[in-house]
Structure formats: C-alpha cells, structure tokens
There are 2 protein chains.
Amino acid sequence: MSFSPLEVLLTTDIVLFTIQQERLKVLLIRRGSDPYKGCWALPGGFVQEGESLGECARRELLEETGVDEAYLEQLYTFGDPDRDPRGRVVTVGYFALVRSDELILEASTDADAAAWFPADELPDLAFDHAEILRVARERLSAKVEYSSIGFQFLPVEFTLRQAQAVHEAVLARSLDKRNFRASLKARGLVKGTGRKIQDGPHRPAELFRLATDEPVKIFK
Amino acid sequence: MSFSPLEVLLTTDIVLFTIQQERLKVLLIRRGSDPYKGCWALPGGFVQEGESLGECARRELLEETGVDEAYLEQLYTFGDPDRDPRGRVVTVGYFALVRSDELILEASTDADAAAWFPADELPDLAFDHAEILRVARERLSAKVEYSSIGFQFLPVEFTLRQAQAVHEAVLARSLDKRNFRASLKARGLVKGTGRKIQDGPHRPAELFRLATDEPVKIFK
DNA sequence: CCAAAAGTGTTCGTACTACACCCATGC
DNA sequence: GCATGGGTGTAGTACGAACACTTTTGG
C-alpha cells in the first residue's frame with residue numbers, strides 16, 4: 001500500500017417507514033441547501049468524529065425528524081464515484097421503523113421541511129435516494145414474511161386486526177383473517193392480555209402483545 | 001451542514017470462500033506491514049479514485065489472490081471509530097465464492113503470503129476481521145438454504161454427489177441423499193447432460209448442470 | 001466376489017391456501 | 001334491527017424429514 005489512499009466523505013441516509021391510515025409511508029425531507037436544493041431526499045447526514053455508523057444514523061434521525069426510538073438496521077452501502085456532485089461521498093443506507101403512535105414527535109421538527117409520503121406515490125428524489133428506497137422496500141417486504149419485524153409498527157398492545165392491517169400495508173396485498181391469526185398462534189408469536197378495547201359500534205377486540213421480549217424474531 | 005464533515009479512509013475487505021477436500025475454506029493473507037504486521041487478515045484494501053465499491057473489491061481480490069472470476073456480493077459495512085489504529089477507516093465487507101477448480105490461480109500470488117484455512121479452524125485475525133468473517137459465514141449458510149448460491153462452488157458440470165458435498169460443507173451437517181436429489185428435481189434446478197464420469201472402482205455418475213442461466217436463483 | 005459410490009420411493013408430520021358463518025356491540 | 005368489525009375450523013395441497021435396498025463398475 002504505497003499509494004496514498006483516497007479520503008472520502010461518509011454519510012448515513014435513513015429510510016424511515018411507518019404505517020398511517022393503513023398505508024405504508026416514508027419520511028422525506030426537503031433539502032434546504034445545494035446540491036438538490038428544494039428536492040425531496042432521505043434524512044441523513046455526515047458521520048462525525050468518534051461516532052459509529054449506527055450512532056450516526058440514530059443521531060440524524062433524531063435531529064432531522066425528531067424520532068427518538070426506532071428499530072434501526074443497516075441496509076446497504078452506496079458508493080458509486082459520481083453519486084454526489086460534491087465529490088466522493090459514500091453513504092451507508094439504513095432503514096428504520098416507527099410506530100404510528102410516535103408520530104406526534106414528528107411535529108418537533110420544522111414543519112414544512114419534513115413530510116410522510118405513501119410508499120407507492122413518491123416524488124423524484126435527490127442523489128441515488130430512489131435506489132436506496134427501492135432496496136429498503138425490498139428488504140422490508142422480505143423481512144416481514146420471515147420475521148416478526150412488522151410488529152415494530154405497532155404499539156405494545158394491539159388488536160389482531162391492527163396487526164393484520166400492518167402486514168397488508170407492507171406486503172401490498174390482502175391476507176385471509178383466519179389464516180393470519182392461525183399463523184400467529186402456530187408461531188406462538190402473540191399472547192392475549194385478556195383486556196379488550198372498544199372502538200366503535202361492534203364487538204370489542206381483545207388486546208394482544210408479543211409473546212417474547214426479543215424485538216425481532218426470525219422464523220424457522 | 002455548517003460543520004466541516006469528517007473525512008474517512010475507505011477500504012473493502014473480502015471473505016473469499018471455496019471448498020477443498022469437501023471442507024469450507026477461507027482465504028487469508030499474512031500482513032506484510034503495520035499495523036498487525038505478520039497477522040493473518042482478510043484480503044482487501046483502499047478504495048481508489050473513480051472506483052465503485054464493487055470494482056474495488058474485485059480489483060483487490062485479483063491483486064491479492066489472483067482470483068479473477070468470482071461471485072461477489074456486498075455483505076455489511078463496519079465503521080466503529082476505533083476499529084483501525086491508523087485512524088478513521090471504514091470498511092465495506094464483501095463475500096466471494098470461487099470454484100475449487102479455479103484455485104490453481106491462487107499460485108499466481110506470492111506463495112507464502114496467502115493461504116486457505118478451514119472455516120472452523122481460523123487463526124487470530126487483524127482488526128475486526130473475525131467479526132466480518134462471522135457475518136459472512138452466517139450469510140452464506142442462510143443463503144445456501146434459500147437460493148442456488150451453493151452452485152457457485154462447482155464447475156459448470158458436476159455430479160450430484162459433488163453438489164451434495166458442497167452443501168454439506170457449507171451447512172456443516174450431513175444431508176440425506178434421496179431428499180437432496182428430490183429437492184433439486186422439485187425445484188427444477190439441475191438438468192442431466194446424459195454424459196457420465198468415471199472416477200473410481202464404482203458405478204459412473206451422471207454429469208449435471210444448472211437448468212437456468214441466472215447465476216443465483218432465489219427460491220419461493 | 002468384494003468394495004465403493006450411484007441411483008431410486010414412500011410415509012409422515014407440518015405449514016400454507018381457500019373458504020363462510022355466528023357473535024357482541026352501539027346506534 | 002341493522003351495521004360493523006370480532007372471532008372461529010376444516011379440507012386439500014405442498015414441502016421437508018426419516019428411512020434401505022439394488023445397480024454398476026474396477027480391481
């Protein structure tokens with residue numbers, strides 16, 4: 001290694017998903033400075049001294065969106081030489097999941113700079129963020145099927161209907177109610193609390209919670 | 001972004017797997033310079049100007065091991081602030097698979113600087129390379145079960161016994177011959193060539209090849 | 001004829017699919 | 001009493017796991 005190594009700028013970009021109105025949504029921010037000023041983009045920013053990649057992603061998420069607690073997972077690293085007009089900037093993509101009921105926190109950031117978009121109606125995005133988002137959606141869909149990651153969108157106690165709506169939103173197809181419930185039971189994933197919730201002119205639904213403490217359980 | 005962003009050094013490190021004597025092996029190189037001089041480490045090196053991450057991994061693989069054609073896939077990015085004593089060095093881990101019969105190429109590199117180690121008898125490694133290797137093994141094992149990635153270890157034509165041996169080596173457990181073959185047939189993964197190969201005092205085996213052109217097919 | 005690997009089917013349990021009706025509640 | 005979502009079971013099919021013997025060849 002006698003050549004002088006190339007120094008690069010390193011960022012993390014976060015694809016933050018949630019469910020609203022039973023639809024999968026993604027948080028985007030409007031860029032306030034060049035390049036791509038005024039464009040929609042993923043939240044993210046430069047890695048700082050003494051900070052790990054995951055710490056950086058968590059910090060950026062908090063700073064740019066006000067989201068404090070979220071499931072966070074490294075996705076993929078994008079480093080094509082010309083992906084950023086400023087020069088050599090490599091980004092480590094993350095994806096993050098928050099519960100719908102934490103979204104009040106979103107108001108803590110400057111209001112018109114951030115917005116939730118339905119995952120299937122996205123605007124044009126800055127840099128290669130459309131590609132990062134595509135990879136994130138792919139990974140999320142796959143993981144919902146073979147792990148319990150989908151429950152990250154739900155509060156600690158939830159009804160089975162809510163759970164099914166979340167899975168349907170992520171997979172973008174409808175599921176059979178009896179099969180969905182049977183599968184949860186077969187996997188021993190949820191346990192009833194005995195308590196019920198009444199939210200309309202119909203029979204009250206039982207509240208459930210995850211049976212295990214591990215946040216995300218891989219099936220099989 | 002008013003602060004001045006941190007510049008980092010970026011490397012790729014490659015976990016190169018193969019199968020020899022029906023065992024899963026990993027290629028390591030002995031470091032010729034500090035830090036960790038004399039230690040075993042993964043092949044890899046600094047990303048250069050104008051080079052994408054995948055190109056860097058492929059180049060390092062060629063330069064350090066003489067391996068030209070290999071299946072290559074990005075694994076995970078490791079960026080803890082203190083993972084490298086030289087300063088802030090972030091590495092993008094890759095894993096690569098080569099066929100056993102390409103290993104003659106390995107002699108093209110300086111002989112005692114590189115060696116194959118059984119995946120379950122590894123020496124101490126430099127940096128956080130033990131962790132990178134752990135992640136790579138995990139990913140490889142998982143992927144062998146739900147994709148046709150294992151055939152990357154085999155030549156274009158192979159016997160079913162060879163295919164089974166490869167899968168057994170990766171999974172570190174023995175498989176049932178009839179089930180293995182039935183599963184290949186059910187998936188329509190391989191097709192017989194009609195030709196046979198004779199390699200000992202026993203009935204000759206038919207040669208097979210992959211039924212599809214796609215290098216790696218995901219099941220289900 | 002012996003050693004060595006090639007080749008081949010069935011049974012069982014488990015998991016996914018499709019599918020329809022009664023129940024509890026508020027208005 | 002009616003509208004709304006809550007809750008439940010069964011039959012068919014597909015897939016993975018366990019399991020043993022005959023065939024072909026070289027020596």
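Helix H4 of chain B is the largest contributor to the surface near DNA strand C, giving four residues; here a residue is near a strand if one of its heavy atoms lies within 4 Å of it, and helices (H or I, at least four residues) and strands (E, at least two) are DSSP runs numbered from the N terminus. The model is a predicted one, in which local features need pLDDT of at least 70, side-chain atom pairs count only at pLDDT 80 or more, and totals for chains, interfaces and linings use all residues. Residues are numbered from 1 along each chain as its sequence is written, chains are lettered from A and ligands numbered from 1 in the order in which they are written, and side-chain values use heavy atoms, with hydrogens and water left out.

In total, 21 residues surround DNA strand C, and the closest are A:Asn179, B:Lys177, B:Arg178, B:Arg181 and B:Glu206. Of the atoms of DNA strand C within 4 Å of the protein, 45% belong to sugar and phosphate. The surrounding residues comprise five nonpolar, six polar and 10 charged, where Ala, Val, Leu, Ile, Met, Phe, Trp, Tyr, Cys and Pro count as nonpolar, Asp, Glu, Lys and Arg as charged, and the others, Gly among them, as polar.

On DNA strand C, a phosphate oxygen lies 2.8 Å from a polar side-chain atom of B:Arg181, and a base oxygen lies 3.1 Å from a backbone N or O atom of A:Pro201.

Turning to DNA strand D, 21 residues lie around it, with A:Lys177, A:Arg181, A:His202, A:Glu206 and B:Asn179 coming nearest. Sugar and phosphate make up 42% of the atoms of DNA strand D within 4 Å of the protein. Helix H4 of chain A gives the most to this surface, with four residues. A side-chain N or O atom of A:Lys177 sits 2.6 Å from a base nitrogen of DNA strand D, while the side chain of A:Arg161 places an N or O atom 3.2 Å from a phosphate oxygen of DNA strand D.

Elsewhere, the buried residues (under 20% relative accessible area, with exposed over 50% and partly exposed in between; 1.4 Å probe, protein chains only) of helix H1 of chain B include B:Leu53, B:Cys56 and B:Ala57. Just after this helix, B:Gly66 takes a positive phi of about 80 degrees.

Terms used
A polar contact is a pair of N or O atoms within 3.5 Å; within protein, one must be able to donate a hydrogen and the other to accept it, and residues adjacent in sequence count only if both atoms are side-chain atoms.
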